Amino acid sequence: MASYTLLINNNSFTIEADPDTPLLWVLRDELELKGTKFGCGKAQCGACTVHVNGNAVRSCSLPVSAIKGKVTTIEGLSPDGSHPVQQAWMELDVPQCGYCQVGQIMSAAALLGKKPKPTDADIDTAMSGNICRCGTYTRIKKAIKAAAAKGEKS
Amino acid sequence: MKKILTLLTNSEEKKGSSLTNTAMSNLGIDNGSTSAEINRRDFLKLSSLASAGLMLSIGLLDSKIAKASPDAPATFEPSVFLRIGSDGKITILSKNPEIGQGIKTSLPQIIAEELEVDWTQIEVQQAPLDNRFGAQFAGGSTGIKTNFDTLRKAGAAAREMLVEAASRKWNISLDQCYAEKGFVYRKDSGAKLTYAELAERASQLNVRENPVLKPFKEFKIIGREIPGVDNLKIVTGKAEFGLDAKPKGMLVAVI
């Protein structure tokens, strides 16, 4: 066990954990930040996606000892669903069962953070690691474009 | 599942409704565990019995259900599917599990339509597991079809009772009153009462057994695309899934 101080959603947390403990376990089990989901546990599905320094990462496979910088989870993206990506998700009625959607939203928000006007190819690449059993992909793509268009206007 | 099929076979032989009900309650509890063993023919038998059983077991217009809340006279609860409080809160319960098919939104749409409310006036709640709701499961794409008539009746019965409550309060005939978007109006003066104001009075009336359903052409909520009721919770990570449940005293084991 070792002590780690993490900056998550602009709050500092000090936790005791083994160095190879996945960030996801710390988020869900230690800090009760349960918006981030466990899917496959091997970075194959994207349900656990969070931001580290603005990059989309799979928290199930990121050891707590490897984190350097700022972590943002869905709870930190916006407290009330006001982020443009969340707004677009609601406007286009994207979610079905909803289990993967937090991961989808975090990947989409990271993409738009880097490329405010993504091409179709940019979207496909950025979202390829997030899978959805309900099959909401076409609405996800529309919602990303809608959020990008809104960002352009403001 | 084997157990259910055995029961279904028995009930088919005896044509007994009590066995059908038993099969139904088993369906609600046991479904899914060995679904691979069920073939198409059995499934069809099961589904057709399921819809017949539903009508029998729901007891929608059973007066015992109507008087389910004697300690809360200000709540109008004409069936298990909806509650109208004198505080103005209109709650519609969605009986089946939501697994991404949209049923938590679409079943309440059916009730809201006949209840004659605006969609924004209601709150949807997931129903608890309770035999009074009939079979509660997902699978087979039969949820809307098998619940459509029952839920319409549930909404319409409540609406008619609210109209009756208003007609008694105003001391005018029923046909001089009509319901629209959470209010009951009187035709002569245009005066209106909210469902909340009528809740207590309506709760004292007998449950309507054969309410008049709306003609399809008057539908305003059924057939309309309505965003999922849990969308805000889902996009903010607040929706609770099985993995997120943590009952008091729960321990975690790793195998």
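The structure is a predicted model, so local features need pLDDT of at least 70 and side-chain atom pairs count only at pLDDT 80 or more, while totals for chains, interfaces and linings use all residues. Residues are numbered from 1 along each chain as its sequence is written, chains are lettered from A and ligands numbered from 1 in the order in which they are written, and side-chain values use heavy atoms, with hydrogens and water left out.

First, the interface. Chain A puts 23 residues into the contact and chain B puts in 17, where contact means heavy atoms within 4.5 Å. The buried area between the two chains comes to about 1,600 Å², with 57% of it from carbon and sulfur atoms; this is the accessible area (1.4 Å probe) that two parts lose on being put together, summed over both. Between chain B and chain A there are 10 residue pairs in polar contact, both residues at pLDDT 80 or more. A polar contact here is a pair of N or O atoms within 3.5 Å; within protein, one must be able to donate a hydrogen and the other to accept it, and residues adjacent in sequence count only if both atoms are side-chain atoms. On the side of chain B that touches chain A, the residues split into 9 nonpolar, 5 polar and 3 charged.

In one salt bridge, B:Asp244 meets A:Lys37 at 2.6 Å, N to O. B:Asp244 sits in the segment after helix H8 (231-235) of chain B, and A:Lys37 in the loop between helix H1 (23-30) and strand E3 (49-52) of chain A.

Next, the sheet in chain A. Helices (H or I, at least four residues) and strands (E, at least two) are DSSP runs, numbered from the N terminus, and two strands pair if DSSP finds at least two bridges between them. Five strands make an open sheet in the order E2-E1-E5-E3-E4, with mixed pairing. Strand E2 (11-17) and strand E4 (55-58) of chain A each have a single partner strand, so one side of each is left without a neighbour in the sheet. From one strand to the next, the twist averages 40°; axes are lines fitted to C-alpha atoms, for helices over the stretch in contact, and angles run from 0 to 180 degrees between N-to-C directions. E3(A) and E4(A) pair antiparallel over 4 bridges, and A:Val52 has A:Asn55 in E4(A) as its bridge partner. H1(A) packs on the sheet at about 80° to E1(A), touching E1, E2, E3 and E5 of chain A.

Chain B has an open sheet of 3 strands, E5-E6-E7, with antiparallel pairing. Its edge strands are E5 (177-180) and E7 (192-194) of chain B. B:Tyr185 stands opposite B:Lys192 in E7(B).

Terms used. Nonpolar A, V, L, I, M, F, W, Y, C, P; charged D, E, K, R; others polar. Salt bridge = Lys/Arg side-chain N within 4 Å of Asp/Glu carboxyl O.
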